[in-house]
Amino acid sequence: MKKNILTVIIMAVCLINTVLSAVIIFTIVPAANKTNHLIDKVAQIIDLELEDEPTDEIAISDIDTYELAEPLTINLKRTDKTNHYAVLNASLSINKLHEDAATIQSVMDTHSNEIAEIITEEFSKYTIDEVSDNKETIKKDTLTRIRDYFNSDCIIQVSFGNIKLQ
């Protein structure tokens with residue numbers, strides 16, 4: 001009789017072990033699969049961002065600079081009853097090795113008003129307090145708009161020099 005009770009206990013423990021193993025498999029495995037899927041998606045996104053970054057640096061000797069002839073005086077967004085403005089010199093850096101560089105450089109003087117207008121519009125979105133904090137954003141947005149205007153990415157940088165806020 002003792003052997004039968006021991007056998008029944010062993011069988012019950014095995015059955016409980018099997019049931020608990022099944023429960024663990026059906027609850028843990030789907031969660032682990034979802035986690036693995038999420039990790040795969042994040043890894044793919046990171047790889048895409050790394051591929052989008054330019055891998056080759058442009059040598060300084062391959063960069064030509066176009067400066068607007070006159071300083072720009074730009075009215076800034078109003079926050080109080082006084083008008084504030086920025087006075088600055090603007091320049092564009094052009095990759096001389098780019099296939100569009102010769103074309104862009106030849107028409108740059110005739111399109112200086114449009115370039116000045118784009119810069120003015122981007123600066124006009126900000127107040128005098130926001131200009132200093134958002135200088136990089138202004139540069140990035142201006143560069144994007146100028147590239148779209150010329151339909152070329154041979155312009156690699158926009159620089160603002162001698163910014164005076166009043």
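Which residues of helix 3 are buried? The model is predicted, so local features need pLDDT of at least 70 and side-chain atom pairs count only at pLDDT 80 or more, while totals for chains, interfaces and linings use all residues. Residues are numbered from 1 along each chain as its sequence is written, and side-chain values use heavy atoms, without hydrogens and water.

Helices (H or I, at least four residues) and strands (E, at least two) are DSSP runs, numbered from the N terminus. Helix 3 covers residues 112–124. Its buried residues (under 20% relative accessible area; 1.4 Å probe, protein chains only) are Ile115, Ala116, Ile118, Ile119, Glu122 and Phe123. They lie on the same side of helix 3, because their arc around the axis is only 160 degrees; the arc is taken from the directions from the helix axis to the C-beta atoms. An α-helix has 3.6 residues a turn, so residues three or four places apart point the same way.

The cover over these buried residues includes strand 1 (63–67), strand 2 (72–75) and strand 3 (85–95). Helix 4 (128–133), helix 5 and strand 4 also contribute. Contact here means heavy atoms within 4.5 Å.

The length of helix 3 agrees with expectation. Its 13 residues should span 18 Å, and its end C-alpha atoms are 18 Å apart. The expected span is 1.5 Å times one less than the number of residues.

Two asparagines have positive phi. Asn151, not a glycine, has a phi of about 55 degrees. Asn151 sits in the loop between helix 5 (135–150) and strand 4 (155–165). Asn151 is exposed (over 50%), at 68% relative accessibility. For Asn162, phi is near 50 degrees. Asn162 belongs to strand 4 and is exposed, at 57% relative accessible area.
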